[in-house]
Amino acid sequence: MKKVAIMTDSNSGLTPEQAAEMGVFVLPMPIIVDGRTYYENVDITPAEFYAKQRQGLCITTSQPSPELLMSMWDKLLQDYAEIVYIPMSSQLSNSCQSALLFSAKYGGRVQVVDNVRISVTQWMAVQDARLLAERGLNARQIKKVLEDEAHDATIYICVDTLTYLKKSGRVTPAAAAIGTALQIKPVLTIQGGKLDSYAKARGKKAAFRMMMKALRNDLHTRLRKLDEKGRLVLGMASIWMPTEEIHAWLSRFQAEFPGREIVYGPLTLSIGCHTGAGAFGIGAVRRHTLDEELPPLS
């Protein structure tokens, strides 16, 4: 029997094809559109999702059903001794807390990681879990390492339209109308797993400069020690954006941080529900390496 299975949800941005290549497992997250439930990367694509969003259909996110989650665990435990499950941040959804509750039925064989991650930072946590498993750590030890490092990440997101923030109640209709007229681009941040307002800028270029300044400040302050040790990787993600525009923003990002490794991935539909298409984010996250000395583990 294999030792440790690494599992996450589709909020990590991992597609089924990427997950298969990495040897990890992805739980598709449900999206409810006008009362009908779809599953990300299973029966709804990003193109279909954002087309429905532009039509003004009622769209909400939801937790995966207990039956779907536990049936996936049951199947994996036929081949693996243990599971490390890395869901999206407990600060953004109740799905993590539900998974923690359900895992109690498995006698410690399922370890649910609450390391307040989403998108590229969640993706990197999955990669770290794989590497830690390869180094011989058991599921409980992997969970401890990832949770101890939960706050070793930072994300800033530029929102292209105020339409969906207005729908979710994060901005008032009046503020949305004024902001749209003035080309105001809200900048949101995820620090410790919670999505919060950070600042506002006139246009995407100004928002990008603001995000660069904020990220550089994080690298020079609370993330400084990790950065000096080469333990950080920078990331960029976007939501349903033309390829040429993605490349343009990546080029600007690389120019601001020459010589740095930058990973790219899509922002997930759960975030897209609140931001709409055209949003993009940048950030930094801790990563593990094979030659890294691990902290003492019990």
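Biologist: What relative accessibility does Asp-160 have?
Modeller: This is a predicted model, where local features need pLDDT of at least 70 and side-chain atom pairs count only at pLDDT 80 or more, while totals for chains, interfaces and linings use all residues. Residues are numbered from 1 along each chain as its sequence is written, and side-chain values use heavy atoms, without hydrogens and water. Buried means under 20% relative accessible area, exposed over 50%, and partly exposed in between (1.4 Å probe, protein chains only). Asp-160 counts as partly exposed, at 29%.

Biologist: Which residue meets the side chain of Asp-160 in a salt bridge?
Modeller: A salt bridge puts a side-chain nitrogen of Lys or Arg within 4 Å of a carboxyl oxygen of Asp or Glu. Here the distance is 3.7 Å, N to O. The partner sits in helix 9 (residues 204–220), and Asp-160 lies in the loop between strand 8 and helix 7 (163–167), so the pair ties together parts that are 44 residues apart in sequence. The partner of Asp-160 is Lys-204.

Biologist: Which other residue forms a salt bridge with Lys-204?
Modeller: Lys-204 is buried, at 13% relative accessible area. In this second bridge the closest N and O atoms are 3.2 Å apart. The pair links helix 11 with helix 9, 41 residues apart. The partner is Glu-245.

Biologist: What is the strand order in the open sheet?
Modeller: Helices (H or I, at least four residues) and strands (E, at least two) are DSSP runs, numbered from the N terminus. Two strands pair if DSSP finds at least two bridges between them. This sheet has six strands with mixed pairing, in the order 10-9-8-13-11-12.

Biologist: Why is one side of strand 10 and of strand 12 left without a neighbour in the sheet?
Modeller: Strand 10 spans 194–202, and strand 12 spans 262–266. Each has a single partner strand, because both stand at the edges.

Biologist: Which residue in strand 10 is the bridge partner of Pro-186?
Modeller: Strand 9 (residues 184–191) and strand 10 run antiparallel, joined by eight bridges. Within strand 10, the partner of Pro-186 is Lys-200.

Biologist: Which residues touch the most other members of the largest nonpolar core?
Modeller: A nonpolar core is a set of buried Ala, Val, Leu, Ile, Met, Phe, Trp, Tyr and Cys residues joined through side-chain atoms within 4.5 Å. The largest one holds 28 residues. The three that touch the most other members are Ile-31, Phe-49 and Ile-157.
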